[in-house]
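Please look at the sequence and the model together while reading. The text below goes through a few places in turn.

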Amino acid sequence: KMDETKGPYFLGEFSTADCILAPYIERMNASLFYYKGYSLRNKEVWPAISDWFNAMEERSTYLGIQSDFHTHVHDLPPQMGGCYSNHTKQAKINQKLVDSGPYHSLPDTNLTPAPKDAHLEAIARVVKHKDAIIKVNPVDESTVNTALLATLTLLAKGEMKKKVKLGKDSDVALRYIRDRINVPRDMSIFAARKLRGALEATAKTCGEREGPSISLTHRRDQNPIPFRKFESC
């Protein structure tokens with residue numbers, strides 16, 4: 001009964017209970033939002049849970065491990081044996097929001113303002129692993145490379161070079177990357193928002209096609225082995 005405690009945490013003050021329960025509540029929040037159209041961070045309905053999330057986001061240690069909705073909702077089906085939508089209007093709206101943005105509208109974090117260097121973090125992570133990112137993409141390397149450079153230009157300068165000509169499969173290539181960003185493994189929640197948004201914006205300039213569907217039975221598409229040579233960097 002969190003509303004009966006003297007502080008925002010499960011036992012009033014921050015404790016081991018919050019550390020143990022955090023990943024479970026994060027996953028509940030993500031799955032309910034995506035599959036059922038319901039938010040645990042609705043302060044009018046769940047004020048104690050909303051206050052708990054806000055208090056946790058004031059802790060730098062939590063921010064270092066906080067995940068996002070996109071990562072959770074697509075990792076959960078293989079882990080749990082299936083997640084099922086109730087097909088309500090709100091669930092469909094939420095699913096589109098999680099999958100294709102705008103990502104800043106998601107209630108997976110209420111921390112504001114976002115770090116000013118979030119886009120630089122995203123750029124640094126992509127540059128560090130660019131060769132592996134291109135190698136594992138189902139689209140040919142030349143197309144992926146050009147499309148990825150256009151995305152990074154958008155992130156860095158706020159606009160794409162007008163003369164850049166993207167290949168016909170660039171939309172597929174970029175949305176494949178968008179759907180394989182893992183938070184916090186690859187980058188922080190704020191950097192991921194920036195990168196996913198830039199990937200989607202760039203993809204829209206050349207088409208509406210999606211990349212290969214994310215499997216409901218495994219996440220071998222997130223195999224870390226191609227990236228291992230960079231682990232000591």
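S31 touches K36, V73 and L76, leaving aside residues up to four places away in sequence; a contact here means heavy atoms within 4.5 Å. S31 is in helix α1, where helices are DSSP runs of H or I of at least four residues, numbered from the N terminus. The side chain of S31 reaches the backbone oxygen of M28 at 3.3 Å. With a relative accessible area of 18%, S31 is buried, the term for under 20% relative accessible area with a 1.4 Å probe and protein chains only (exposed is over 50%, partly exposed in between). From S31 to F190 the separation is 159 residues in sequence and 20 Å in space, C-alpha to C-alpha.

This is a predicted model, in which local features need pLDDT of at least 70 and side-chain atom pairs count only at pLDDT 80 or more, while totals for chains, interfaces and linings use all residues. Residues are numbered from 1 along each chain as its sequence is written, and side-chain values use heavy atoms, with hydrogens and water left out.

V73 and L76 are among the buried residues of α4, together with F69, H70, T71, H72, H74, D75 and P77. Nine of the twelve residues of α4 are buried, so this helix is largely enclosed by the rest of the structure. Its buried residues pack against α1, α5 (89-100), α9 and α10. Just after α4, G81 has a positive phi of about 90 degrees.

T71 and D75 are also touched by N182, as are M187 and Q222, not counting residues up to four places away in sequence. N182 is found in the loop between α9 and α10 and is buried, at a relative accessible area of 11%. Its side chain makes a polar contact with the side chain of Q222 at 3.1 Å. Such a contact is a pair of N or O atoms within 3.5 Å; within protein, one must be able to donate a hydrogen and the other to accept it, and residues adjacent in sequence count only if both atoms are side-chain atoms.

Just after α8, G158 takes a positive phi of about 85 degrees.

Note on methods:
Helix = DSSP H or I, 4+ residues; strand = E, 2+ residues; numbered from the N terminus.
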